[in-house]
Number of protein chains: 2
Amino acid sequence: MALVVQKYGGSSLESADRIKRVAERIVETRKAGNDVVVVCSAMGDTTDELIELAQQVNPAPPERELDMLLTAGERISNALVAMAVANLGAEARSFSGSQAGVITTSAHQNARIIDVTPGRVQEALKQGQIVFVAGFQGVSQDTKDITTLGRGGSDTTAVAVAAAMNADVCEIYTDVDGVYTADPRIVSNAKHLDRITYEEMLEMAATGAKVLHLRAVEYARRYGVPLHVRSSYSAKPGTLVSGSVEDLSVEQAMITGVSHDRSEAKVTVRGVPDDKGVAGRIFRVVADAEIDIDMVLQNVSGSASGRTDITFTVARSNGKQAVAELEKIKDEVGFEEVVYDDEVGKVSLVGAGMRSHPGVTATFCEALSDAGVNIEIINTSEIRISVLIREAQLEKAVAALHEAFDLGGTEEAIVYAGSGR
Amino acid sequence: MALVVQKYGGSSLESADRIKRVAERIVETRKAGNDVVVVCSAMGDTTDELIELAQQVNPAPPERELDMLLTAGERISNALVAMAVANLGAEARSFSGSQAGVITTSAHQNARIIDVTPGRVQEALKQGQIVFVAGFQGVSQDTKDITTLGRGGSDTTAVAVAAAMNADVCEIYTDVDGVYTADPRIVSNAKHLDRITYEEMLEMAATGAKVLHLRAVEYARRYGVPLHVRSSYSAKPGTLVSGSVEDLSVEQAMITGVSHDRSEAKVTVRGVPDDKGVAGRIFRVVADAEIDIDMVLQNVSGSASGRTDITFTVARSNGKQAVAELEKIKDEVGFEEVVYDDEVGKVSLVGAGMRSHPGVTATFCEALSDAGVNIEIINTSEIRISVLIREAQLEKAVAALHEAFDLGGTEEAIVYAGSGR
């Protein structure tokens with residue numbers, strides 16, 4: 001008997017009918033002889049609706065109270081799916097994150113899981129129950145307050161519960177039937193991937209592939225939890241995320257796929273005095289505002305004017321704040337101006353194969369050049385190349401790279417409504 | 001500095017605007033120098049909407065899961081009001097029933113409070129916080145599962161928290177500004193009551209006055225918690241529920257008011273063999289189905305035919321089930337038929353004064369007779385007379401009794417939209 005942890009996303013639960021279909025799949029898994037633990041996200045747009053209500057009574061709601069509010073969403077969906085499962089004659093028991101022993105830091109809205117103590121979950125499994133754990137939420141170790149894990153938190157809950165219980169697999173059910181070599185809405189012959197290593201999945205997720213959340217993949221890699229990405233709406237085999245690139249033979253190591261991201265903006269600080277410590281000062285002020293920097297343009301310093309430009313990317317949602325923070329130190333640092341540009345896009349090529357094939361970067365740049373795409377920033381890891389380009393050229397760039405590395409399949413990819421959320 | 005517990009009902013919280021008004025009142029109470037603990041019901045129709053969702057996935061949802069589902073409603077409203085209070089510059093902290101130490105039996109959907117251990121509430125008060133406790137919910141002492149207290153549970157939560165913390169007063173905010181001598185929608189000169197004893201309030205609540213829930217009044221009497229019924233929408237003084245009829249002087253003891261109830265149905269078991277134990281058998285089968293019997297018609301037994309009728313009332317919502325249970329024992333007991341009648345109403349006169357004024361029953365019956373109202377069942381306590389009549393004559397009966405006992409005031413009563421929920 002295997003222990004299977006299943007996670008269902010909000011769009012798979014957005015109506016009573018969808019909840020009933022999810023319940024059928026859960027009961028089938030149980031009837032196939034598995035112990036089953038289910039983690040549900042909030043139904044459809046519940047979280048956004050609750051945030052809107054909060055905004056109406058307080059434009060800057062206290063984060064502790066926001067967590068108390070938002071966790072109601074997962075309690076609702078969890079209890080409803082448990083009821084639907086009970087309606088099919090199976091025994092079901094739902095637990096809040098706190099009841100399931102999901103212990104976190106006290107960083108409201110963005111708590112990290114410290115430990116999972118699933119005593120009650122194990123007890124219920126022993127009694128033959130299908131167990132439900134509310135996703136996205138936990139309880140603070142220090143304050144005993146209710147916390148949330150941030151967006152994508154339900155995936156993380158599922159992986160953390162799977163790790164703590166030594167589950168055989170953590171199945172992530174979503175709108176699409178797995179990971180593709182590119183977004184099928186852009187590249188019609190994008191190929192389905194049956195398997196992908198944790199590292200490749202991390203790079204894909206970090207560079208825009210929406211199917212899995214970065215934190216959940218990191219957690220899965222750390223604890224060696226096999227992740228299985230599957231569609232809520234089909235019986236297709238999905239994509240298995242497991243194993244390390246280190247264990248791949250040269251023959252197995254290939255180019256995995258092309259990902260893209262429209263969520264970043266480019267910030268250029270012009271006319272920065274070319275002194276020691278100035279770049280550090282600029283990045284520090286951004287970091288102190290808790291804004292992550294992604295790509296940085298490596299300028300050649302030491303120009304005749306004694307001034308240089310510093311260019312980097314941040315999430316568009318943080319763009320205005322980053323600019324405001326920089327304006328505050330303009331006089332102190334003595335730079336000329338801050339230029340903000342959100343008409344950029346990022347395209348990335350990911351694959352363990354590029355470690356053993358030195359020509360990949362050249363082919364990458366040639367393909368973009370042939371397509372008339374200009375590279376503004378380039379950034380690489382051992383198994384990834386990312387470039388910042390004009391957003392208007394993003395789809396063209398994805399298609400050109402997919403073609404240049406011969407990633408296409410023969411089958412037409414199926415695109416579901418609402419995929420890529 | 002006084003400790004004030006305030007409870008707000010769902011219609012007072014049905015929109016962001018109403019929540020903001022409630023928040024203002026809470027902050028005013030705090031600014032007046034009081035410690036404040038707030039108990040909120042779920043917003044507007046949230047509970048009914050959640051029940052409907054549950055029905056869509058399971059026509060008979062497991063009660064444990066239903067409790068997990070429904071408690072989300074009070075968490076939402078509680079957190080939102082806390083946010084609205086924070087928006088006014090006050091410090092607010094919300095707790096779930098479990099976090100606030102509301103310990104109950106494990107009877108899902110109808111749990112009873114065993115104890116309240118408000119350690120976290122007290123700690124937060126000490127830190128100068130306005131504290132919110134989610135109403136209607138608790139945690140089972142035995143199973144640690146989330147429970148609900150049944151309809152009216154938020155009133156009970158407020159009273160229980162007030163009792164455990166030795167609060168100076170428990171204010172129940174609702175649509176109306178207190179208790180009246182009759183429903184102002186029926187009797188236009190119904191008089192507002194400034195004070196009423198626990199016993200009189202219990203009799204009024206038990207016989208149809210909707211302003212307070214019976215269980216909450218019972219709890220308040222047992223622990224001596226002064227209850228103050230007030231309107232969420234006005235600054236009027238409301239009605240104070242406190243003290244015992246035992247402590248009233250003859251001069252103070254008066255007729256309190258007239259209440260009415262349309263929620264009952266009459267069940268008549270015809271042609272019952274006039275044997276010892278048969279009546280007990282009939283009432284037992286109803287009780288075993290957990291159906292409460294209210295009024296019973298005292299028949300004269302020992303008729304020539306050796307058969308008699310047994311008539312009683314139950315809640316209309318239980319009516320069909322009561323009849324079905326009785327049909328099951330028809331052959332065993334040997335009665336002739338069960339007749340179900342839901343076109344009945346109950347009108348009651350309540351007042352400590354009837355203990356010292358023997359003519360009350362006579363005046364009561366004469367008033368109804370003069371109004372052409374026929375009495376079907378009569379039932380009395382020391383401070384109450386109730387009669388079952390035709391529902392169509394209910395309003396006429398209320399007006400006639402109100403007039404006969406000279407209960408009217410000179411001021412026109414104010415009726416709010418949505419009152420009498």
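Reader: Which residues does Thr29(B) touch, not counting residues up to four places away in sequence?

Author: In this predicted model, Thr29(B) touches Val4(B), Gln6(B), Asn34(B) and Val36(B), where contact means heavy atoms within 4.5 Å. Residues are numbered from 1 along each chain as its sequence is written, and chains are lettered from A in the order in which they are written. Local features need pLDDT of at least 70, side-chain atom pairs count only at pLDDT 80 or more, and side-chain values use heavy atoms, with hydrogens and water left out.

Reader: Why is Thr29(B) called buried?

Author: Thr29(B) has a relative accessible area of 12%, and buried means under 20% (exposed is over 50%, partly exposed in between, with a 1.4 Å probe and protein chains only), so Thr29(B) is called buried.

Reader: What makes the contact of helix 3 of chain A with helix 2 of chain B nonpolar, polar or charged by class?

Author: Helix 3 (residues 63-87) of chain A and helix 2 (residues 46-57) of chain B pack at an angle of about 30°, with their axes 8 Å apart; helices here are DSSP runs of H or I with at least four residues, and axes are lines fitted to C-alpha atoms over the stretch in contact, with angles from 0 to 180 degrees between N-to-C directions. Among the residues that meet are Ile76(A), Leu80(A) and Asn87(A) from helix 3 of chain A, and Leu50(B) and Val57(B) from helix 2 of chain B. By class, this contact has eight nonpolar, one polar and no charged residues, since Ala, Val, Leu, Ile, Met, Phe, Trp, Tyr, Cys and Pro count as nonpolar, Asp, Glu, Lys and Arg as charged, and the others, Gly among them, as polar.

Technical notes:
Helix = DSSP H or I, 4+ residues; strand = E, 2+ residues; numbered from the N terminus.
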